[in-house]
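Visitor: I've just opened my first protein model and I'm a bit lost. Could you walk me through how to read it?

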Amino acid sequence: MNQTLDTIRNTTLTYRQKVLALARAGEERTQPLAIAPEVQALRDAGVVCDLNEGPAPYRPRYVLPDYARFLDQGSAFLRQEPPRDLLGAVFALLGLYRHIPSITGYPVWVGDLDALLEPFVQRDPAALGPGGELSPAAERLVSLFLEGIDRDNPDSFCHGDLGPDTTAVGRAILRHQRSAGRAVPNLTLRYDPARTPEDFAEAAALCALDAAKPSFANDPLFRAEFESLGLAPYAIASCYNGLPVGGGSCTLVRLNLARLACTAAHTLGDPEAFINGPLAEAVAATLAYIDERVRFLVEESGFFESSFLVREGLIAKERFTAMFGIVGLAELANALANAEPGSRERFGRGGAADTLGARVLAAIDRLVTAHRSPYLEAAGGRYLLHAQVGIDSDRGVSPGCRVPIGEEPPLHEHLARQAPLQTPFIAGSGDVFAFEPTARANPGHIVDAMKGFFASGGRYFSCYAADSDLVRVTGYLVKRSEVERLRRGEAVNNGATVLGMGAFDNLGVLDRAVRR
Amino acid sequence: MSGLKEHGEALGLLARILPFSAVDGPGNRAVFFLQGCNFDCAYCHNPETRAACTGCGACIPACPAGALSPMERRGARTIPVQWDRARCRDCGACAASCPSGSSPRARLVTPTEALDEIASARPFLRGITVSGGECTLQSDFLVALLKGARNLGLPGLVDTNGGRPLAAEPRLLEAAEGFMLDVKAWNEDEHRRLTGADNGPVRDNLAFLAARGALYEVRTVITLRAPGFNAKPAESDTTSDDPQEGAFDLEETVRETALTLARAGSRARYRLIRYRPYGVRHERAALLREPGSALMARLTELARRGGAAEVIVS
Ligand code: SF4
Ligand code: SF4
């Protein structure tokens, strides 16, 4: 009760942030999930964690509507005619975004922004200027669209995609984003060496140095996987989550391996016994908890029966999976290898911790891949692995499989070692690199690093220049200047700034090795 | 240099390898620094790759890791100190103790060995750059290294001071993807005072490479002479915007270089490098000054007007 009043009286929350917090307070008055005692014990220990999803799942965590279909057919529910031109398309999309459910209250995916708008540009002679670039009027409209997304969705997990092909709209988006200084939308360029031209990739790298976005996704890898799962096409949502378009993920529950290393410390002496004992039990508990959250959403919440998104074919239950997240592999691997700070055996150095980390990851992958959800049809009920980036309150827990900040090896070794660790995470994994500001004179340097990373099995690559105001915290973006405002006690529009402040303090994000 | 070989392969004296670089040509490149140089530039940032080892042995006891021992022999070639890379802790004590300003960590390698060392970086590379020291002094090794890299799909740029006439090096011209050339001063006398060498060959190479379309980049370090250059150490103020000060004719160097590029229709980028004292030998650093940003802007403008295709300041 007091917490509710505290929320109401809080002067650093905006009105919308208060509404979300109060909705959450209401949700917390009910506890409808049947959670087995051994699962609850691991939740209480911080080993299994639903990342603040709330006790009563009433909407999927990640919803990726089929926006192309929406633009094609309009919406009876919203009384939206199919738009006929760029202006109409922009308004229609901005209108629909307000109706996309999520945990944060804002859509985690705003679509393949270039592919959605390009047809409207190509069919309108007035929208294209000489040289195949947008006319000034169309360019302004695209800019206003992006600024509208930012204003309506002050949440750094709101994500849009570009590529793999170059388009007039895609190039205009990069031009705008490079100087806009806005954290939203988060952006990914899906990179395919066979389709993405070099100059488009370099323009994206230059934009990323200044604006910490777009990131690059390994398009051929994602595409092949989602095709083989019967879930193509895919998109990148939220931080870097690879998920089916027209569906998404019901939930994300993570297994905190760093915590497990503490709670099961006495078993670490024998890696085999640890893997078959405490690790297997924690994986089973995480899977059981995901099953239960999915069961409630699918069978009890009524979401799929009532949402107009389902009724109008923009999402379908058959295209929803669930995500099994892991975090803190580095800390567990170091504990298993008994590798003290500074040792050559530390995680990321190519020694014992790397070998043990890979073994742990392979074991988790095996167990998760073998599990079948009783409630979901997507991918035959298989849950998808996700390298979770952490939450602001984590201390001494590295995101996913990443090397702890401050222990990064030289760039090429780092890339070569991290690439294969990213491969099992079909639902996303990522790594972030801070580059010297001088990299702006040579964006090909970044493109080459990214290409080699993908050729080695890497999935997702993010970068920014060490002097840019926008900083990629773990998967999402915040502005240094906004964090400073928050520290001074001023309200800031973007809720993720609070998370960013925590991560600056607890993960040392600003101390990342600067690459040259 | 000598054609001494092992298993038919030319041996090179290698100072170090940087497997990943953003600043030595387009994209991501591995950089090979060869040991030894024929210039003695006042502002040299890697002085230990320049000076020859005299074999005095002073560094051997200075190494805390026992990584140094007398005499490395490979085939018919010897160098005075052998360096055990596995033992080295990269502390720098050896170079600091060297009375000749050299480094005992230079080693004899074949091109195959040198390229093996960048194997793990290969997926991330667009090419290699061979630098120094002055790499053209070891032309047999250099040519073999470039050819070996090309066979791996890594074209090679050559970073040179231009002191040797490249028109006389057909094998090198054929093996290299392109050249990066330093033009340190246009004025003869100024060049000699700055580097201890004549600039006739540099100017010939500039015109020759530009006309061949073989220039990727030309660089001039912008520095001002503190009072007392070539005489006594300087006072302490550190920047200046006066191009005449210290009598380095920076405007002439920049203008003439840009004009030469333009006349040859070269697309090479012209990089103006702001001198910074880091890494420069102390006694030399005291005689040079950093240029102010107004001067850098004026010279950039001059290079553009002279006709350089692209001017970069770094
Ligand atoms: S840098 Fe290496 S070789 Fe030189 S003194 Fe230190 S440990 Fe010895
Ligand atoms: S590197 Fe220097 S100190 Fe060592 S032997 Fe050679 S000249 Fe003497």
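Visitor: What volume does the largest cavity have?

Guide: Let's begin with the general idea: rolling a probe the size of a water molecule over the atoms shows where empty space is left. This is a predicted model, and its largest cavity comes out at about 110 Å³. The whole structure holds five cavities of 30 Å³ or more.

Visitor: Which residues lie nearest the centre of the largest cavity?

Guide: Look for Cys63(B), Cys88(B), Arg89(B), Asp90(B) and Cys91(B), out of 14 lining residues. Sorted by class, that lining has 10 nonpolar residues, one polar and three charged.

Visitor: What takes up the space of the largest cavity?

Guide: Ligand 1 does. Around ligand 1 you'll find 14 residues, and the closest are Cys63(B), Cys88(B), Cys91(B), Gly92(B) and Cys94(B). The shell of ligand 1 splits into 10 nonpolar, one polar and three charged residues.

Visitor: And how much space lies in the second largest cavity?

Guide: About 90 Å³. It has 14 lining residues, with Cys53(B), Cys56(B), Gly57(B), Cys59(B) and Cys98(B) closest to the centre. Its lining counts eight nonpolar and six polar residues, but no charged ones.

Visitor: Which ligand takes the space of the second largest cavity?

Guide: That's ligand 2. There are 13 residues around ligand 2, and Cys53(B), Cys56(B), Gly57(B), Cys59(B) and Cys98(B) come nearest. By class, the shell of ligand 2 has eight nonpolar and five polar residues, and no charged ones.

Visitor: Now for the two chains. How many residues of chain B are in contact with chain A?

Guide: For a question like that, you count the residues on each side. Here 14 residues of chain B touch 16 residues of chain A.

Visitor: Which residues in chain B lose the most area to chain A?

Guide: Zoom in on Phe20(B), Phe124(B) and Arg126(B). Together they make up 45% of what the chain B side buries.

Visitor: Where in chain B is the pLDDT below 50?

Guide: Start with the general rule: where pLDDT is low, the predicted coordinates should not be read in detail. Chain B has a mean pLDDT of 88, and 91% of its residues reach 70 or more. Residues 230-238 of chain B are below 50, though this stretch has 14 contacts in the model beyond near neighbours in sequence. Residues 242-246 of chain B also fall below 50, and this stretch has 11 such contacts.

Visitor: And what scores does the model get as a whole?

Guide: The model scores ipTM 0.77 and pTM 0.86.

Technical notes. Residues are numbered from 1 along each chain as its sequence is written. Chains are lettered from A and ligands numbered from 1 in the order in which they are written. This is a predicted model: local features need pLDDT of at least 70, side-chain atom pairs count only at pLDDT 80 or more; totals for chains, interfaces and linings use all residues. Side-chain values use heavy atoms; hydrogens and water are left out. pLDDT is the predictor's confidence in each residue, from 0 to 100. Contact means heavy atoms within 4.5 Å. A residue is near a molecule or strand if one of its heavy atoms lies within 4 Å of it. On a 1 Å grid over the protein atoms alone, a cavity is a set of points where a 1.4 Å probe fits but cannot get out, and a pocket is an open set with protein on both sides within 12 Å along at least five of seven lines; lining residues have an atom within 4 Å of a point. A molecule sits in a cavity or pocket if more than half of its atoms lie within 2 Å of its grid points. Ala, Val, Leu, Ile, Met, Phe, Trp, Tyr, Cys and Pro count as nonpolar, Asp, Glu, Lys and Arg as charged, and the others, Gly among them, as polar. Grid points are joined across faces, edges and corners, and a volume is the space filled by probe spheres set on the points. Buried area is the accessible area (1.4 Å probe) that two parts lose on being put together, summed over both.
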